[in-house]
Amino acid sequence: MLYLIPTPIGNLEDISKRALLALNNAEILFCEDTRVTKKLLNLLQIDYSDKEFISMHSHNEDKVLQKLDPEILRIKNVGYVSDAGMPGISDPGAKLIQFAQKNNIPYTVIPGPNAAITAFVASGFEGEFTFYGFLPHKGSEREKKLNEVINSKTISILYEAPHRIEKLLNELKEKIPNRTIFLAKELTKIHETFIKGKAKDINITNSKGEWVVVIDKGETKNSLTLTYNDILNLPLPKKEKSKLLAKISSKSAKEIYKELE
Ligand code: SAM
């Protein structure tokens with residue numbers, strides 16, 4: 001049977017009894033990084049001398065799964081552990097689940113630590129939310145996704161790396177200065193920090209650490225929703241039309257402009 005096992009996102013005490021049991025019982029452990037998992041097992045005082053470790057991360061998971069005999073998952077106790085938190089959330093895990101589903105292998109997911117949900121609850125925002133994970137790092141892809149987040153009718157949750165948090169904050173200050181945002185840093189750790197306020201009023205003095213950004217939903221009053229076809233039929237110059245269409249499609253304004261010719 002396959003167990004997806006969540007691990008602490010900072011505080012070792014957050015390991016659950018079920019997760020401990022699954023880690024102890026696992027005969028084979030698939031790990032995002034075997035070194036990270038072995039370090040955790042040492043901290044948890046779990047003897048792993050008899051366990052087999054198989055590295056499985058975003059760059060090799062297809063290959064590993066191609067070679068994997070489904071029978072092994074049926075007859076052995078197998079676990080999957082990402083570096084921290086819940087596997088499958090901005091971490092590998094989904095492909096292994098798909099493999100189990102395809103091959104009728106019994107599996108379970110043990111609930112546990114997750115930065116997005118913890119930050120959302122800490123934010124005090126109420127209502128529907130959308131989890132975006134990491135934004136694309138740069139270029140028009142980032143711009144497009146960020147616009148989607150900003151125009152979202154739900155609360156948005158983003159993950160961000162320490163070396164990019166200031167960039168993201170500056171983008172939010174520029175685009176939505178008066179929107180309330182919530183930053184959670186180093187959740188569950190000694191230096192856990194919460195910052196809430198209007199984007200324009202927030203300044204970060206120390207970006208070191210792990211961050212979750214929660215953004216309140218945008219004002220929906222007076223907003224108008226246009227479909228792709230609505231925009232196509234607007235009496236606008238081709239250039240303006242392409243720019244608008246690019247905002248709601250995966251194509252660039254240039255590509256759309258060409259199609260409109
Ligand atoms: N699977 C993990 C989970 O369940 O939350 C997320 C893995 S993702 C690769 C790592 C990102 O999650 C970090 O860059 C950060 O944005 C967020 N994160 C993880 N641990 C965190 C923590 N203790 N405090 C704040 N954010 C954290």
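Colleague: What is the make-up of the shell around the ligand by class?

Modeller: In this predicted model, the shell has 11 nonpolar, three polar and five charged residues. Tyr and Trp count as nonpolar here, so Tyr159 and Trp211, which are among the closest of the 19 residues around the ligand, go into the nonpolar class.

Colleague: Why does the pair between Glu210 and the ligand count?

Modeller: A polar side-chain atom of Glu210 is 3.4 Å from a ligand nitrogen. That is within 3.5 Å, and therefore the pair counts.

Colleague: And what is the distance for Trp211?

Modeller: A backbone N or O atom of Trp211 lies 2.6 Å from an oxygen atom of the ligand, so the pair is within the 3.5 Å limit. Of the 580 Å² of accessible area that the ligand has on its own, the protein covers 90%.

Colleague: Which domains supply the shell?

Modeller: Domain 1 (2-109) and domain 2 (115-215) each give at least three residues. Strands S7 (155-160) and S10 (211-215) each supply at least two.

Definitions and conventions
Residues are numbered from 1 along each chain as its sequence is written. This is a predicted model: local features need pLDDT of at least 70, side-chain atom pairs count only at pLDDT 80 or more; totals for chains, interfaces and linings use all residues. Side-chain values use heavy atoms; hydrogens and water are left out. A residue is near a molecule or strand if one of its heavy atoms lies within 4 Å of it. A polar contact is a pair of N or O atoms within 3.5 Å; within protein, one must be able to donate a hydrogen and the other to accept it, and residues adjacent in sequence count only if both atoms are side-chain atoms. Accessible areas come from the Shrake-Rupley method with a 1.4 Å probe; for residues, only the protein chains shown count as cover. Helices (H or I, at least four residues) and strands (E, at least two) are DSSP runs, numbered from the N terminus. Domain bounds come from an automatic or database domain assignment.
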